[in-house]
Amino acid sequence: MKGSNIVKQELQLTNEWDKTFPQSDKVSHRKVAFVNRYGITLAADLYAPLAPSGKLPAIAVSGPFGAVKEQCSGLYAQTMAERGFLAIAFDPSFSGESGGTPRRIASPDINTEDFMAAVDYLSTLPNVDADRIGIIGICGWGGMAINAAALDTRIKATVTSTMYNMSRVNANGYFDANDNEQARHEAKVALNAQRTREYAQGYYEQGGGVVDPLPADAPQFVKDYYDYYKTPRGYHERSGNSTDGWTVTGCMSFINQPIMQYSKEIRGAVLLIHGENAHSRYFSEDAYRDMTSYTNYRDNKELLIVPGASHCDLYDGGGKGAIPFDKIAQFFNNYLK
């Protein structure tokens with residue numbers, strides 16, 4: 001197998017600027033691709049300072065869960081490049097412009113590996129300092145970022161923004177409302193019946209993205225998702241959240257495969273950022289508690305609550321500059337050295 005088993009697939013990449021945010025004139029931009037350990041080729045946008053000096057610290061960014069690199073992660077990557085970092089925003093396996101079939105499925109293992117594969121790629125770039133690599137995970141990719149940092153010792157600093165623990169929400173429901181054996185059993189019965197039906201019919205069914213039309217009695221956080229993913233503010237045709245969503249069974253493995261189990265063993269620095277008014281705030285607060293309790297590695301862990309911010313305000317700033325980019329840059333400058 002020597003010399004033959006890490007091969008990039010030829011991807012069809014869009015060349016024109018099709019992001020949900022304006023292109024910066026302070027950085028360079030180009031499309032790149034790299035391969036993960038499962039042989040899936042991932043597509044990414046690479047942003048770099050226009051006048052770099054020496055080898056640069058680098059950051060890999062992904063998320064939210066069900067989004068694409070043309071949305072939030074690209075904004076974060078471009079902004080970090082404006083602040084002196086080389087940054088890539090990548091599409092996870094099975095989504096966006098990345099490879100992998102079937103489409104629109106998720107895996108605790110493969111998606112954690114996606115972050116680690118991004119570190120592989122960054123570590124080999126001639127203009128990157130391989131000892132100064134960090135990652136940013138947004139929404140559901142915040143949990144994946146923590147999971148990757150617990151496994152990959154090359155990751156020196158991790159930032160999560162408006163983080164979801166996808167294992168917890170799939171197993172327990174929102175706000176842990178279904179955290180009992182009977183509720184999980186009923187969910188698994190339904191999902192496995194769906195598997196039988198899909199295998200018999202020969203195709204996977206889509207579960208739908210963000211609800212559309214929006215019900216008048218929808219919870220506020222669902223209205224927030226709609227306002228981002230279903231309007232010009234954040235809509236993108238390759239985003240599952242904007243269009244037809246995950247496959248019905250696409251996330252079922254999270255029920256039985258918890259992530260973040262060894263978060264307290266992360267020796268690198270971690271900054272968790274969440275909005276004061278976010279429905280998902282408890283994910284970051286509990287993750288911070290876990291990373292600072294009964295561990296020798298608590299001193300470089302930090303929880304930042306952004307006053308007045310909702311969950312989706314940290315996607316693009318919410319029109320009020322809610323994303324603390326200066327703080328994120330300062331954090332990486334402190335720990336990527």
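The legends below describe close-up views of a predicted model, in which local features need pLDDT of at least 70, side-chain atom pairs count only at pLDDT 80 or more, and totals for chains, interfaces and linings use all residues. Residues are numbered from 1 along each chain as its sequence is written, and side-chain values use heavy atoms, with hydrogens and water left out.

View 1. Strands (E, at least two residues) and helices (H or I, at least four) are DSSP runs numbered from the N terminus. Ser24 has a relative accessible area of 11% and is therefore classed as buried, a term that means under 20% with a 1.4 Å probe and protein chains only. A polar atom of the Ser24 side chain lies 3.0 Å from the backbone nitrogen of Lys26. When residues up to four places away in sequence are not counted, Ser24 touches Gln78 and Glu82, contact being heavy atoms within 4.5 Å.

**View 2. The largest pocket, with about 940 Å³ of space.** Of the 35 residues that line this pocket, Met166, Asn170, Tyr174, Trp246 and Cys251 are the closest to its centre. Helix 4 (166-172), helix 5 (181-201) and helix 6 (220-229) are the elements that give two or more residues to the lining, and the largest share, five residues, comes from helix 4. A pocket is an open set of points on a 1 Å grid over the protein atoms alone, with protein on both sides within 12 Å along at least five of seven lines, and lining residues have an atom within 4 Å of a point. Volumes are the space filled by probe spheres set on the points, which are joined across faces, edges and corners. The lining divides into 22 nonpolar, twelve polar and one charged residue, where Ala, Val, Leu, Ile, Met, Phe, Trp, Tyr, Cys and Pro count as nonpolar, Asp, Glu, Lys and Arg as charged, and the others, Gly among them, as polar.

**View 3. The largest cavity, with about 90 Å³ of space.** A cavity is a set of grid points where a 1.4 Å probe fits but cannot get out, and the count comes to one cavity of 30 Å³ or more. The largest cavity is lined by 16 residues, of which Gly66, Ala67, Pro92, Ser95 and Trp246 lie nearest its centre. Its lining comprises eight nonpolar, six polar and two charged residues.

**View 4. Ala171 in helix 4.** Ala171 is buried, with a relative accessible area of 12%. Leaving aside neighbours within four places in sequence, Ala171 is in contact with Asn178, Arg184 and Ile255.

Definitions and conventions: Buried means under 20% relative accessible area, exposed over 50%, partly exposed in between (1.4 Å probe, protein chains only). A polar contact is a pair of N or O atoms within 3.5 Å; within protein, one must be able to donate a hydrogen and the other to accept it, and residues adjacent in sequence count only if both atoms are side-chain atoms.
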